[in-house]
Amino acid sequence: MRLPWWTLTLHSAPVRRTSSVPAGMSNFVPACSTTDAQSVDQLQDFVSRARRLFVISGAGLSTESGIPDYRSEGVGLYARTDRRPMQHAEFVRSAKSRQRYWARNFVGWPQFSSHQPNSAHKALQQWEESGKLHWLVTQNVDALHSKAGQKRLTELHGCAHRVMCLGCGAISAREELQRRFISLNPDWRAQAGAVAPDGDVFLEDEQVLHFRVPSCDDCGGILKPEVTFFGDSVIKGTVQFVHDRLAESDAVLVVGSSLQVYSGYRFLLAASDRKMPVAILNIGPTRADHLAGLKVSGRCGEVLSVIQPL
Ligand SMILES: [Zn+2]
């Protein structure tokens, strides 16, 4: 699962890698040597053979847009900090946890919501347009695929750009909630202005205490990002929908995911049951390496932008 954005502004500064990274590329991309030409050719061959390609994307796709992941060696959230994501049960149970969560979320939003798709997102959108890509399932909640114009898309873990009411189920735009936060917390906003140039933010307990969190306009229910938190599970209907799209496809390509989380991994198990060809493009090992006929190590943007959807 990719990094929930609410932790983005709160970690310590990213670790500098010793490997060479193209200028302008984010510090959150793990070290990786250039993909060899033979691997690129093999991936091109894999894509060319597929008629209805099913793609699963993960955090590794968004690191090149400046969003860190959890698990990458040296640069992932787990390697850099002791921060761990919000648990679903705690969010539901504790008003204090929600207050802290939303206060951080409020501060991080302007930066997080401004991230833009990179060449990997754009390539996949072009594959869709050319008819190569049958369906794309992403484990990311950053909306970068939809920002790139992807239509044949399932956001498996929801999207941080939407908010849902736990009472009545109403869905609203996260941007709208930001306006409500601002009007409810005019003075607080000034206090939270001390954001370091690298996006790091420290919120004092005292500051969080005074942050006011609105509830649902219609029913007074708890507002939560429409994101699957840790400890929660993906809606059954969504899982079945993705299984159906998989069944219509003839090959599976994993891009930028270690597939450590079962909610994504299960589709690789299903692909294996169906004896579908599987290829993986990722930096570092994945949980599904043993199921893949082809494994390519490389940066998603760099590799996908040279593969033609022929
Ligand atoms: Zn409601």
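Tutor: Helix H1 (residues 37–49) lies across S1, strand S7 (251–255), strand S8 (278–281) and S9, and it runs at about 130° to S9. Helix H6 (residues 119–129) also packs on the sheet, where it touches S1, S2 and S7, and its direction makes about 145° with that of S2. The model is a predicted one: local features need pLDDT of at least 70, side-chain atom pairs count only at pLDDT 80 or more, and totals for chains, interfaces and linings use all residues. Residues are numbered from 1 along each chain as its sequence is written.

Some terms are needed here. Helices (H or I, at least four residues) and strands (E, at least two) are DSSP runs, numbered from the N terminus. Two residues are in contact if their C-beta atoms, placed from the backbone, lie within 7 Å. Axes are lines fitted to C-alpha atoms, for helices over the stretch in contact, and angles run from 0 to 180 degrees between N-to-C directions.

Now the sheet itself. It is open and has six strands in the order S3-S2-S1-S7-S8-S9, with parallel pairing. At its edges stand strand S3 (153–155) and strand S9 (294–296); each has a single partner strand, so one side of each is left without a neighbour in the sheet. On average, neighbouring strands are turned by 15° against each other, direction ignored.

Strand S1 (residues 53–57) is joined by five bridges to strand S2 (residues 133–138), and the two run parallel. Strands count as paired if DSSP finds at least two bridges between them. Isoleucine 56 has valine 137 in S2 as its bridge partner. Toward S7, S1 again has five bridges, and these strands too run parallel. There, leucine 53 is the bridge partner of alanine 251 in S7.

How many of the five residues of S1 are buried? Five of the five are, so the strand is mostly covered, where buried means that 20 or more other C-beta atoms lie within 10 Å of a residue's own, exposed means 12 or fewer, and partly exposed lies in between, with C-beta atoms placed from the backbone. In a regular strand the side chains alternate between the two faces of the sheet. In S1, Leu53, Val55 and Ser57 are buried on one side, and Phe54 and Ile56 on the other.

Back to H6, one of the helices that pack on this sheet. Its buried residues are Ala120, His121, Ala123, Leu124, Gln125, Trp127 and Glu128. The buried residues of H6 pack against S1, S2 and S7, and also against helix H2 (59–62), helix H7 (144–147) and helix H13 (300–304). Just after H6, glycine 131 takes a positive phi of about 90°.

Of its 310 residues, 42% are buried. Among contacts between residues at least 6 apart in sequence, 75% join residues at least 24 apart.
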